[in-house]
Each structure stands twice: as C-alpha cells, then as structure tokens.
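Keep the structure in view while reading.

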Amino acid sequence: MINIHILFVDGCIRGAQSRTRTLAQAFLDELTALYPSDTVETVDLNTLRLVPLFGDTLAERDAAVARQDWGNSWFTQAVQFQRADGIVLAAPFWEGTFPAALHTYIEHICAAGLTFRYGEDGAQIGLCRAKRAVFFGTKGGIYSQGAAQQDDFAARFLRTNLRMLGIPRLDVIEAEGLDIDGADVEALLDDAKRQARALARQFHE
C-alpha cells in the first residue's frame, strides 16, 4: 500500500465549535485508522490569517514569480499545496460560497509556473501532484434542490480552480438544512459523517 501525504485546509473559522470541522475530522480519523502510515498536514486558516493581494503586494509577488523565487515566503502555501498527494478542504457555506479566508488561500496557491502554467495555446496546465480532493461543507438552508440551487457556487468555484491546478476530481460531502426550524441537526450531521467515513475507505483507490 502506497502511503500518501494529505493536506487538510481548515477553513472552519468557528474552530472547535464548527459543525463542518466534525465532518472533515470523521473523514481524517477513518483514513488514518485504515492507513496509519499516511500523514496529515493541517493548514488552519483561522491561525494563518493570510491577507488578500493588493496592488503593491501583487507587484512584489509578480516580481518573485518572474524570478521563479519559489523559496520566497509568498509561495509557502503554494509549495505546500503543490507537493501534497491528496487535498481535504472544509469550510461552511457563506454568501454563495465560503468565508473569505478560503478565497484568500486559493489566491495565494495559484502561482503561475509553480502550481500551474500556460500552454502554447494559452490553456492552463496544472502542476500539482494530487489528483484527488474532497470538500466538506455545512449549510443552514437547502441548496441541493429547488430555486436555491443556482445560488450555490462553492463546489463549482473549487472545482474550477482545482482543475486549473491539475486536480481533476473533487468529491463533495455536505450537511444542509441545519438551521431550519425543527431540523434534526444531529441526524443530518451523522448521515454526512457516514458518507465521510465511506469516502475515506476508498480514497486511496
């Protein structure tokens, strides 16, 4: 059995109180129990506190890209992401996608020449090692059906960016309807955890 290195990008900004984190943890616990030689490296976005790029910082980063100075601190997250064998992301559903911390992280890992490049025809070619990722999310309402489907961009946004980085597969496990009056929150979360554990059992495939 080949051991793999998992990068867990924790965008659960409510920390230990996060319902989303419990889903990701169920997956990671099952995965490491089955494959104890796998390693899990966590990026806690609540602690990391990355800042978005602005005009001056973008110019500084672009200069480092031009030099291919991948040891520069601008690319710490991008190098870490590029080397992972598998990616786990977790974040709650906010305003159509997820909290800004995860958006900012994605901005930092998208580095031309390191995590992707442009082909002769202008198409983006991913340079990341991982070929598989999983996203865990929680939603207060129902977005998997009905008119609200068009308002859910979280998985679509991630799938687009991951594909650009060379990661063609994204599995999504979410618990939704958690804030609806009368919802059996524990049952909804338990069902999502069961899905998470099942996914862990075949994540190496």
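Buried here means under 20% relative accessible area, exposed means over 50%, and partly exposed lies in between. By that cut-off Asp171 counts as buried, because its relative accessibility is 18%. The model is a predicted one.

**Nonpolar cores**

Nonpolar side chains in soluble globular proteins tend to be buried together. The largest nonpolar core here has 28 residues. Phe81, Ile87, Leu89, Leu102 and Tyr105 have the most contacts inside it. Five elements are named as giving two or more residues to this core: strands β1 (5-10), β3 (86-90) and β6 (132-138), with helices α5 (100-109) and α6 (154-164). A second, separate core has 24 residues. Phe8, Ala26, Ala175 and Leu178 are among them.

What does Phe81 touch, leaving out residues up to four places away in sequence? Its contacts are Leu7, Ile87, Tyr105, Ile109, Cys128, Leu162, Leu165 and Ile167.

**Cysteines**

How many disulfides does the structure hold? The count is zero. For Cys12, the nearest cysteine sulfur belongs to Cys110 and is 20 Å away. Cys12 is buried, at 1% relative accessible area. Cys128 is in no disulfide either. Its nearest cysteine sulfur is again that of Cys110, at 8.4 Å. A disulfide needs the two sulfur atoms within 2.5 Å, so the 8.4 Å to Cys110 rules out that pairing for Cys128. Cys128 is buried too, with a relative accessible area of 4%.

**A buried arginine**

Arg61 lies in helix α3 (residues 55-67). Arg61 is buried yet has no salt bridge. The nearest side chain of opposite charge is Asp62, 5.2 Å away. A salt bridge requires a nitrogen to oxygen distance within 4 Å, so Asp62 does not qualify as a partner for Arg61. What lies 3.2 Å from a polar atom of the Arg61 side chain? The backbone oxygen of Cys110 does. Beyond four places in sequence, Arg61 touches Leu53, Trp74, Phe75, Glu107, His108, Cys110 and Ala111.

**Salt bridges**

Side chains of opposite charge can pair when their charged atoms come close. The count of salt bridges comes to 10.

| Asp10 | Arg21 | 2.7 Å |

Asp10 and Arg21 pair across elements. Asp10 counts as buried, at 3% relative accessibility. Arg21 is partly exposed, at 22%.

Asp179 sits in the loop between β7 (169-175) and α7 (185-201), whereas Arg19 belongs to helix α1, so the pair ties together parts that are 160 residues apart in sequence. Asp179 is exposed, with a relative accessible area of 52%. Arg19 is partly exposed, with 29%.

Buried or exposed, or partly exposed: which describes Arg169? Arg169 is partly exposed, at 37% relative accessible area. Arg132 joins Arg169 and Asp171 in a network of salt bridges.

How values were computed
Residues numbered from 1 in each chain as written. Predicted model: local features only at pLDDT ≥ 70, side-chain atom pairs only at ≥ 80, totals over all residues. Heavy atoms only, no water. Core = buried A, V, L, I, M, F, W, Y, C linked by side-chain atoms within 4.5 Å. Buried < 20%, exposed > 50% of the residue type's maximum accessible area, 1.4 Å probe, protein only. Helix = DSSP H or I, 4+ residues; strand = E, 2+ residues; numbered from the N terminus. Contact = heavy atoms within 4.5 Å. Lys, Arg positive; Asp, Glu negative; His and termini not counted. Polar contact = N/O pair within 3.5 Å; in protein donor to acceptor, adjacent residues only side chain to side chain.
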